[in-house]
Amino acid sequence: MLTLRCTKKLMKYLDTGPTSQPPHLTTTLGDWYANLFRYDQVDIAMCVNQKTRYAIPVPLYDCPNAHSLYVLLTRRIRKTVLRLGFTDTVANQIDQEYTGYLVAPTSDRSVIGTMNDLIDLCEYMIDDECNSARAFDFNTAWLKFEDELNQTPHKPLGGDNSRKRILELLQGMG
């Protein structure tokens with residue numbers, strides 16, 4: 001089961017609250033943290049994995065509730081696992097682990113700090129892309145942003161980047 005640890009701001013946007021006190025769940029990737037930010041007129045959830053600090057920005061087009069965010073995030077997680085070169089078997093294992101979800105409050109200040117830094121970096125990258133491109137398309141830019149965000153070294157990871165950490169974690173699966 002996926003534990004989606006949302007900030008109060010995102011919970012309000014999704015018109016939801018904590019589902020319940022989450023039990024201690026053991027999934028390969030662990031919990032995901034999410035915060036809301038807006039760029040221009042696009043609402044975006046910055047989703048960050050607690051164990052690896054891997055970031056997935058999720059545009060919230062037609063995302064009226066927590067279930068919609070869960071569906072969008074799990075699809076993006078699957079695509080990420082496959083883009084990183086892992087097999088369908090590994091992606092299917094992650095899918096199985098994340099069948100169902102709970103909404104919970106954030107609890108790790110270090111992840112919140114990383115998430116806020118990544119939001120700042122994402123806003124900068126969007127500004128840079130908008131200033132350099134004649135026709136900026138959010139839909140095609142998200143994968144580029146995801147790749148760039150996850151090459152950034154993080155102090156809580158001892159200077160490693162989140163791409164390296166997620167690769168190490170998933171290699172143990174197959």
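In which sense do strand β2 and strand β3 pair, and over how many bridges? The two strands, β2 at residues 32–39 and β3 at residues 42–49, run antiparallel and are joined over eight bridges, where strands are DSSP runs (E, at least two residues) and helices likewise (H or I, at least four), numbered from the N terminus. Two strands count as paired if DSSP finds at least two bridges between them. Within this pair, W32 has N49 of β3 as its bridge partner.

This is a predicted model, in which local features need pLDDT of at least 70 and side-chain atom pairs count only at pLDDT 80 or more, while totals for chains, interfaces and linings use all residues. Residues are numbered from 1 along each chain as its sequence is written, and side-chain values use heavy atoms, with hydrogens and water left out.

The β2 and β3 strands belong to an open sheet of five strands, ordered β4-β3-β2-β1-β5, with mixed pairing. At its edges lie β4 and β5 (101–105), each of which pairs on one side only. From one strand to the next the twist averages 30 degrees. Helix α2 packs on this sheet and touches β1 (2–6), β2, β3, β4 and β5 (contact means heavy atoms within 4.5 Å). The direction of α2 makes about 130 degrees with that of β4, with axes fitted as lines to C-alpha atoms, for helices over the stretch in contact, and angles running from 0 to 180 degrees between N-to-C directions.

On a 1 Å grid over the protein atoms alone, a cavity is a set of points where a 1.4 Å probe fits but cannot get out, whereas a pocket is an open set with protein on both sides within 12 Å along at least five of seven lines; lining residues have an atom within 4 Å of a point. The largest pocket has a volume of about 320 Å³, a volume being the space filled by probe spheres set on the points, which are joined across faces, edges and corners. Of its 13 lining residues, V58, P59, L72, R76 and K79 are the closest to the centre. Elements giving two or more residues to this lining are β4 (55–59), α2 (66–83) and α5 (138–149), and the largest share, six residues, comes from α2.

The largest cavity has a volume of about 30 Å³, and its lining consists of L29, W32, Y54, I56, I77, T80, V81 and I166. Here too α2 gives the largest share, three residues.
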